[in-house]
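This report concerns the side-chain packing and the charged pairs of one protein model. Please consult the sequence and the structure shown here alongside the text.

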Amino acid sequence: MTRLPASDARRLHHRQTLFLLIAPSAAAALFITVVPVLLLVRMSLSSVSRFGRIGEFVGLRSFARLMADPLLPDIALRTVIWTGTVVAGTVFIALPTALVLNRRFFGRGLAQFLVLAPWAISVASFAVIWRRVLSDEAGLLNQLALATGLIERPVVWLGSVPASFAFEILVAVLVSIPFSTVILLAGLSSIPATVSEAARLDGAGAGARLRLVTLPLLKPFIGVVLIFNVAYVTNSFPIIWIITQGGPANGTDILVTYLYKLAFTLGRLDEAAALSFLLFCALGALTVLLLRMLERPAHD
């Protein structure tokens, strides 16, 4: 039996040790991920009672019934608008905020605290607060508008679909800013000051340094912000459910709130499972696409 050289033996032993250390966590993560997905697939391909009892195999019948739902196209489109608007708004606000907070100025610590403190508040609590702010007569927004003479009588802010959806997008952006700012601040702090200083000495202005130095080096962190926010915002249930419960007349429903209604209000658990599986696949494909785009060299 041929013996490995000492260096190769050490390398093999090192790899085996790493594998043994990683194996328990990898097995747990695989179990937590795979088992629910397999159960979801089983439910979507079977008849399911209102009480969650899985019956006979029915194939793609649940998917066919789901595709025939007249509400689904509008809700799917609204989900795309919701996700795109909230993620774009979050990045466009969080990036300048992180650039400002990365500079040294008097009161920087207080400014960082004020921007990041809302992160400590749960999304559900944040939504409850905004529901109270936007309520009809006793709401804070109406009280302020009446006190300043901007309106003569209370406004039903959540009485129409466009206004309700716009307020929910605003709340979702505000909720997402602290996390995104933290990630971008971490990225900015990892960029050596010497790189920007060298560009400045070469004659690059502030705009050119931002475009040619800071943003390319910040690209992986922007990617993390995009991926996490897309997944989080698409599945953001509390904001819409607490503020409007998808109303009026399903006008502010997104896929995740409609999924909840299918399962626990209408008792169509098989269709809810089918919708959940489709949403899982769509998010997975979108995540892979974003990762591929981020892996491409800047000159492509």
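## Basis of the values

The model is predicted; local features require pLDDT of at least 70 and side-chain atom pairs count only at pLDDT 80 or more, whereas totals for chains, interfaces and linings use all residues. Residues are numbered from 1 along each chain as its sequence is written, and side-chain values use heavy atoms, with hydrogens and water left out.

## Nonpolar core

A nonpolar core is here a set of buried Ala, Val, Leu, Ile, Met, Phe, Trp, Tyr and Cys residues joined through side-chain atoms within 4.5 Å. Buried denotes under 20% relative accessible area, exposed over 50%, and partly exposed in between (1.4 Å probe, protein chains only). The largest such core has 59 residues, and the members touching the most others are Trp82, Leu184, Ile239 and Leu275. Helix H7 (residues 161-190) supplies the largest share of this core, 12 residues. Helices (H or I, at least four residues) and strands (E, at least two) are DSSP runs numbered from the N terminus.

For Leu184, contact (heavy atoms within 4.5 Å) is made with Ala94, Leu95, Ala98, Leu218, Phe221, Ile222 and Val225, when neighbours within four places in sequence are left aside.

## Aromatic pairs

Rings of Phe, Tyr and Trp (its six-membered ring) pair if their centres lie within 6.5 Å; planes under 30 degrees apart count as stacked, over 60 as edge-to-face and the rest as tilted. The structure contains nine aromatic pairs. One of them is the edge-to-face pair of Phe63 and Phe277, at 6.4 Å centre to centre and 80° between the planes. Because Phe63 belongs to helix H2 (residues 61-67) and Phe277 to helix H12 (residues 269-295), this pair ties together parts that are 214 residues apart in sequence. Phe63 is buried at 14% relative accessibility, while Phe277 is partly exposed at 23%.

The ring centres of Trp241 and Tyr260 are 4.9 Å apart with the planes at 65°, so this pair is edge-to-face. Trp241 lies in helix H10 (residues 238-243) and Tyr260 in helix H11 (residues 255-265), so the pair ties together parts 19 residues apart in sequence. Trp241 counts as buried at 19% relative accessibility, and Tyr260 as partly exposed at 31%. Together with Phe237 and Phe264, these two residues form one aromatic cluster.

## Salt bridges

A salt bridge places a side-chain nitrogen of Lys or Arg within 4 Å of a carboxyl oxygen of Asp or Glu. Five are found in the whole structure. In the bridge between Arg65 and Asp270, the closest N and O atoms are 3.7 Å apart. Arg65 lies in helix H2 and Asp270 in helix H12, so the pair ties together parts 205 residues apart in sequence. Arg65 is partly exposed at 38% relative accessibility, whereas Asp270 is buried at 5%.

Arg65 also forms a salt bridge with Glu271, at 2.9 Å between the closest N and O atoms. Glu271 is buried, with a relative accessible area of 2%, and forms a further bridge with Arg268 at 2.7 Å. Arg268 is partly exposed at 23% relative accessibility. Salt bridges that share partners join Arg65, Asp69, Arg268, Asp270 and Glu271 into one network.

## Ser135

Ser135 is located in the loop between helix H5 (123-133) and helix H6 (140-147). Apart from neighbours within four places in sequence, Ser135 is in contact with Asn142 and Trp157.
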